[in-house]
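Dear colleague,

Please find the structure below, together with its sequence.

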Amino acid sequence: MTIEYEWRGDFDDDALDALHAEGFGHPATATDWRARLHRYSLGWVCAREDGALIGFVNVAWDGGRHAFVLDAVVAPHRRSHGVGTALIATAADRARAAHCAWLHVDFEEHLRPFYFAACGFEPTTAGLIAL
């Protein structure tokens, strides 16, 4: 089984919505992903296995030096196989190529080993206001 990773890859809104719903455990929302990504993102990475979308990460940005990892998701049957790490590595490479100086991420506590140990993020002091 070969997994292919594509920066700014084409995708079907329904397939991405289904992957997102499965990965985050909520119902599909019929999100217009294409419009959202083209408006707010530096890019995104799609992971495909035999043509099926099995992973995705969005790289939003401020239009300058800061990029942000959002919506990183891997299909449950492909987790712990390096797909998520490869998605983040591709996102980091492409953000670097776009002259970003920083790639930010925030996450739930159970993902700490993934982002810090597997992906190489460093802990920082940050703040958040719940809206």
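Two strands are taken to pair if DSSP finds at least two bridges between them. Helices (H or I, at least four residues) and strands (E, at least two) are DSSP runs, numbered from the N terminus. The model is predicted, so that local features need pLDDT of at least 70 and side-chain atom pairs count only at pLDDT 80 or more, while totals for chains, interfaces and linings use all residues. Residues are numbered from 1 along each chain as its sequence is written, and side-chain values use heavy atoms, with hydrogens and water left out.

The sheet is open and has five strands in the order β1-β2-β3-β4-β5, with mixed pairing. Its edge strands are β1 (3-7) and β5, each of which pairs on one side only. From one strand to the next the twist averages 20 degrees (axes are lines fitted to C-alpha atoms, for helices over the stretch in contact, and angles run from 0 to 180 degrees between N-to-C directions).

Strands β3 (residues 52-61) and β4 (residues 66-74) run antiparallel and are joined by six bridges. Within this pairing, V59 has V69 of β4 as its bridge partner, and W61 has A67. Four residues lie between the strands of this hairpin, in which G63 takes a positive phi near 85 degrees.

On the parallel side, β4 pairs with β5 (residues 102-104) over three bridges; here the bridge partner of H66 is W102. Together with helix α3 (residues 83-97), β4 and β5 make a right-handed β-α-β unit (right-handed: with the strands pointing away from the viewer, the path from the first strand over the helix to the second runs clockwise).

With kind regards
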